[in-house]
Every structure is written in C-alpha cells, then in structure tokens.
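I want to look up its fold step by step and note what I find.

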Amino acid sequence: MQKSHVPTSCNQTASAVVPCNINKLWPMIRSMKLSELAPKLISKSEFAHESHPGMVNASVNVSYADGHSAIFRIVGINDSRHTIDYEVVSAEPNMNVSSV
C-alpha cells in the first residue's frame, strides 16, 4: 500500500437527520444496537468482554452483512447533544483510508 503525502485530518465529523423520535432512537444508538438500526447493513454488534453500553473506552465488535468486520472504541458519549465519539481500532479487511 502506498502512503499518502497529502496532509489529512485525523478526525472526521459526520451527522445525519433521521425521521424518528429521539426518545426511541437515542437509546439504540447509545447502546450501539447497530444491527437493529441498519439490519440490512450490519448483521451483529456486541460489546467486547467487560464492556457495556454507556461505558467510555468500551469496545464494540461490529459484523457487517457483506462479511467485513470492525472494532470500535467508544471515546465519548454526550446525552444532551446525542453524540457518540469513537475510534476504529481495527477492521477486516484493512481499511485503505487515512481517517474515518
């Protein structure tokens, strides 16, 4: 793989507007029930050993419907802004990007 010499950000922000009641949606997002949110894209999401919903530094294993997988580490949860900050710890196959 060739390294990029173009300076890039190590952080990325993404947001979406979902036509759903926040009181119904936020608990699913906060607990990373991604397979319930997008069952056609994500076949399974579960917290790793000794991790649990709402825990900062928790690891979440995600299996995608296409066979790919990833491990996310939760680095922040903000209940008033309804946001979750996370890092991609690993991905199979490897991601060919500089930031996600």
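Predicted model: local features only at pLDDT ≥ 70, side-chain atom pairs only at ≥ 80, totals over all residues.

In what order do the elements of the protein chain run from the N terminus on? I read α-α-β-β-β-β. That comes to two helices and four strands.

The protein chain averages a pLDDT of 87, and 85% of the residues score at least 70. Among the elements, I found the lowest confidence in strand β4 (residues 83-92), with a mean of 90. Strand β2 (residues 59-64) has the highest, at 96.

Then I turned to the sheet. The four strands form an open sheet in the order β1-β2-β3-β4, and the pairing is antiparallel.

I looked at one pair up close. β2 and strand β3 (residues 69-78) pair in the antiparallel sense over five bridges. V62 stands opposite A70 in β3.

Which strands does helix α1 (residues 22-30) touch as it packs on the sheet? I found β3 and β4. The direction of α1 makes about 40 degrees with that of β4.

Last, I checked the surface. Of the 100 residues in the protein chain, 19% count as buried. The chain exposes about 7600 Å², and carbon and sulfur atoms supply 53% of that. I also logged the contacts with a separation of 6 or more: residues 24 or more positions apart account for 22% of them.

Key:
Residues numbered from 1 in each chain as written. Heavy atoms only, no water. pLDDT = per-residue confidence, 0-100. Buried < 20%, exposed > 50% of the residue type's maximum accessible area, 1.4 Å probe, protein only. Contact = heavy atoms within 4.5 Å. Areas by Shrake-Rupley, 256 points an atom, 1.4 Å probe, with all protein chains shown as cover. Pairing = 2+ DSSP bridges. Axes fitted to C-alpha atoms, helices over the stretch in contact; angles between N-to-C directions.
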